[in-house]
Amino acid sequence: MAHSQPSSPEISPQDPRALRKALRGSATYFAKGFEEHKDQVQSDLQTTYKSPLVEQIRAQSYRYQQGEITIRLAKAFGFCWGVERAVEYAYEARRRFPDRQLWITNEIIHNPLVNQHLEAMGIRFVGKGPDGKKDFSQIQPQDVVLWPAFGASVSEMEFFRSQGNEIVDTTCPWVSRVWNQVDKHRAAQFTSVIHGKYNHEETLATSSFAQKYLVVLNLEEAEWVARYILEGGDAADFQQRFSKATSPGFDPDQDLERIGIANQTTMLEGETRAIAKLFETTMLRKYGPQQLDDHFMSFNTICNATQERQDAMFELIEDPLDVMVVIGGFNSSNTTHLQEIALEKGLPSFHIDGPDCIQPGNRIRHKPLHQDITVTEGWLPNGPVQIGITSGASTPDRVVEEVIRRIFALREPSELPF
Ligand code: SF4
């Protein structure tokens, strides 16, 4: 039997808080992995994703030199614990349900290598239908469904619960923490103002928990909204500008009177803070200190893994580098932000998604910021060169190792010590 696409998040009849509670009490819902398979899976992951070379470079003050090339690694990069946990749960689920069809409602994380491995294990990814929406029609009630680290929307939760699927939830606890804040906004009838990308999986899930929401991409958009709050403006213009980034029927003249701040966990931390501060000041100016709490809510829900990687990037680029290589899925938000940091410093920086991007003849396949993937020739300067390397939270060390090998191979056959 074909199953239809679940209803859109905003018209889900379910109370999200009650739905999550019902799921937690259900015998078909697993959110802590499978203890009995942990040891074997740890060993599998160690072999598949860890890198002795990267461990060695870490132990050598994050620096490795061979010939004229010096590699300098950021002090925090790669797999965060939320991603490690999601991958671990997926591997454990495969062992727990060896004869069942497993589905992931999206890429479990934004890393092509990890997703290829999962596919090779027979785990299928939900595709999109002609309308661009996820197509759940092939998922049968007896199948097992994995929710990725970014979570699932309220309507997806409701769909799989009512269909009776066994559910393995790998949602990162930092993402659930944001949902808890949005729950609070909803309970207090506040609008959630979410710093994020309106079409990012995580933000789609987060916004589905809100009664009313507005997604702002950056400080510039937030400033535009703040001016509207203070000075008013043309509601139709507002609605058109944020047509894809607001809940249905959003009325800026009413729905911005009480606002709470939430964030996509992988946005630039400094910008999230600046946006929260901006709206706090805006509501303070509009309503005065006595009434601020009736109009504004904000809690720190910034993921510390994202923060650590951003801080390490700032530290890495303090010393002179000739070129920067940022490794991570091309659709990975936290990787893109690392790339932004390098570019703001004026450093030549290449965002690649794996070792295949380093090509013979000093060519590199990469994705310039906000542009399509391209190939650049002669990217590695001649003579002594200092190369900074970092990777996004979804990138295994094994990928970083292979990138390093290929960079050395551009100059001379590698004699790496492993
Ligand atoms: S980057 Fe942060 S929020 Fe995202 S999976 Fe990792 S720990 Fe969780």
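The model is predicted.

Start with the sheet. It is open and has five strands, in the order β2-β3-β17-β12-β13. The pairing is mixed. Now look at the edges. β2 (63-66) and β13 (349-352) stand there, each with a single partner strand, so one side of each has no neighbour in the sheet. From one strand to the next, the twist averages 20°.

The partner of β2 is β3, residues 69-73, and the two run antiparallel. Four bridges join them.

Next, find β12 (323-327). How do β12 and β17 pair? They pair in the parallel sense, over five bridges. Here V326 stands opposite T390 of β17. β12 also pairs with β13, again in the parallel sense, over four bridges. In that pairing, M324 has S349 of β13 as its bridge partner.

How many residues of β12 are buried? Five of its five residues are, so the strand is mostly covered, buried being under 20% relative accessible area. Think about the two faces. In a regular strand, side chains alternate between the two faces of the sheet. In β12, V323, V325 and I327 lie on one side. M324 and V326 lie on the other. Both faces are covered, and these residues are all buried.

What packs on the sheet? Helix α14, residues 333-344, does. It touches β12, β13 and β17 (385-391). The direction of α14 makes about 170° with that of β13. Follow the chain through β12, α14 and β13: together they make a right-handed β-α-β unit.

Now leave the sheet for two loops. Most residues other than glycine have a negative phi. Two residues here have a positive one. Q189 is not a glycine, yet its phi is about 60°. Where is Q189 found? It is in the loop between α7 (173-187) and β8 (191-195). Is Q189 buried or exposed? Its relative accessible area is 60%, and exposed means over 50%, so Q189 counts as exposed.

The other residue is N362. Its phi is near 55°, a positive value, and N362 is not a glycine either. N362 also has its place in a loop, the one between β14 (358-359) and β15 (363-366).

Key
Residues are numbered from 1 along each chain as its sequence is written. This is a predicted model: local features need pLDDT of at least 70, side-chain atom pairs count only at pLDDT 80 or more; totals for chains, interfaces and linings use all residues. Side-chain values use heavy atoms; hydrogens and water are left out. Two strands pair if DSSP finds at least two bridges between them. Axes are lines fitted to C-alpha atoms, for helices over the stretch in contact, and angles run from 0 to 180 degrees between N-to-C directions. Contact means heavy atoms within 4.5 Å. Buried means under 20% relative accessible area, exposed over 50%, partly exposed in between (1.4 Å probe, protein chains only). A crossover is right-handed if, with the strands pointing away from the viewer, the path from the first strand over the helix to the second runs clockwise.
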